[in-house]
Amino acid sequence: MEVATSVIVTVTANPSIDRTVEVGALVRGGLHRATAVHVQPGGKGINVARALVCNGIKARAVVPAGGAEGEQLISLLSDYSIDVVRVPTLGPVRMNVSVIEPDATVTKLNEPGARLTEQECRALADAVITASHKASCVILAGSLPPGVHHGFYADLINRLSGEDIRVVVDTSGPALRAAVAAGPALIKPNHHELEEAVQRPLSTLQDVIDAAQELRAAGAQAVLASLGRDGAVLVDENGTWHAEAPVVLARSSVGAGDAMLAGFLAAGGKGQAALVSAVAWGAAAVSLPGSTMPRPDDLRPHLVEVHPRIKAGRELRGDN
Ligand SMILES: Nc1ncnc2c1ncn2[C@@H]1O[C@H](COP(=O)(O)OP(=O)(O)OP(=O)(O)O)[C@@H](O)[C@H]1O
Ligand SMILES: O=P(O)(O)OC[C@@]1(O)O[C@H](CO)[C@@H](O)[C@@H]1O
């Protein structure tokens, strides 16, 4: 199915304003003077939409937003050519803070987000269905705020199942497990989310592949696992691939997984070529400040290596 030509819809149930603060070495209990601050629209689906439009691909973002922070989020989003579908809420949009040290270690402080009322949950779900009309692909991404039951994404997958739409899920915990059972076209866990989903540590590439196969058996049609500087593994009905970019000097990994997912969808959302694009977009994102999404000039797909034979026993280095 062609993914990149018609609109891609992203859903961010729990959006944020992301403040990335660069400091010297972090000392618990200490005072830190920031050397740089970046304020950007955040939440995983919003980041995917930003990455897509930065590369000339049409994206529509469904965003529940309330309070003064909601106004600020919508205003920050106006810098991008995203078709924003705002669902008004009473509670304010959360603020998530990332603290980055000179060696690019990220310490992330994510708020839970304001509680959505039952009526707001229904309005959000209905807005997603309306926004998805004639879309090629819908991405359900990020955590669920208080008040939203963990089957929210699973319910949306079921409601969209009669349409010719690929539903992609990037979430964690019980919401991910429920979504997998509903049979999404693709899930994009990172290393930690994959471990949580199969409830065991995964230390080698083979462990990752086995976990991905387990989630396929549980309902996910394909699994794109992002593995930080170890690149990414794709497992689908046609096979298993591992690809990686040369390790870049990371500046900020915030949103790298979202850029990676956007790169996968931008290149058709299937198979080896899409995996190469995904890894190139992820590697480009980590070299940029805050959660800045890569643009065409930042991308180096020709440097991505797809290993013809997967080194199954290879130990994962972890992180970025
Ligand atoms: N140091 C690095 N060098 C090269 N590529 C990297 C590096 N770190 C990450 N990447 C690329 O970025 C992709 C996404 O990284 P990661 O697995 O950390 O995502 P994530 O944990 O989902 O991120 P987030 O949740 O912040 O969006 C990786 O699959 C890889 O392709
Ligand atoms: O709390 P969640 O919804 O799991 O993740 C939210 C978040 O950490 O994800 C994005 C990076 O992937 C950031 O823009 C945002 O702050």
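**Helices H4 and H5.** I looked up the handedness of the crossing between H4 and H5 in this predicted model, and I note that the crossing is right-handed. The axes of helix H4 (residues 152-160) and helix H5 (residues 173-181) come within 7 Å and cross at roughly 20 degrees. For the contact itself, I find Phe152, Tyr153, Ala154 and Ile157 of H4 meeting Ala175, Ala178, Ala179 and Ala181 of H5. Sorted by class, the contact of H4 with H5 has eight nonpolar residues, with no polar and no charged ones.

**The sheet.** I next traced an open sheet of four strands, whose order is E3-E2-E6-E7 and whose pairing is mixed. Strand E3 (36-42) and strand E7 (106-109) each have a single partner strand, so at these edges one side of each is left without a neighbour in the sheet. From one strand to the next, the twist averages 20 degrees. Within the sheet, I recorded that E2 pairs with strand E6 (residues 94-100) in the parallel sense over seven bridges, and that arginine 19 stands opposite valine 97 in E6. Helix H2 (residues 67-77) lies across E2, E3 and E6, and it runs at about 90 degrees to E3.

**Ligand 2.** Finally I checked the surroundings of ligand 2, where I find 16 residues, the closest being Gly42, Asn96, Asn110, Gly142 and Ser143. At least two residues of this shell come from each of strand E2 (16-22), helix H1 (44-54) and helix H8 (256-266).

Note on methods. Residues numbered from 1 in each chain as written. Chains lettered and ligands numbered in written order. Predicted model: local features only at pLDDT ≥ 70, side-chain atom pairs only at ≥ 80, totals over all residues. Near = placed C-beta within 6 Å. Pairing = 2+ DSSP bridges. Axes fitted to C-alpha atoms, helices over the stretch in contact; angles between N-to-C directions. Contact = placed C-beta atoms within 7 Å. Left-handed = near helix turned anticlockwise from the far one by under 90°. Nonpolar A, V, L, I, M, F, W, Y, C, P; charged D, E, K, R; others polar.
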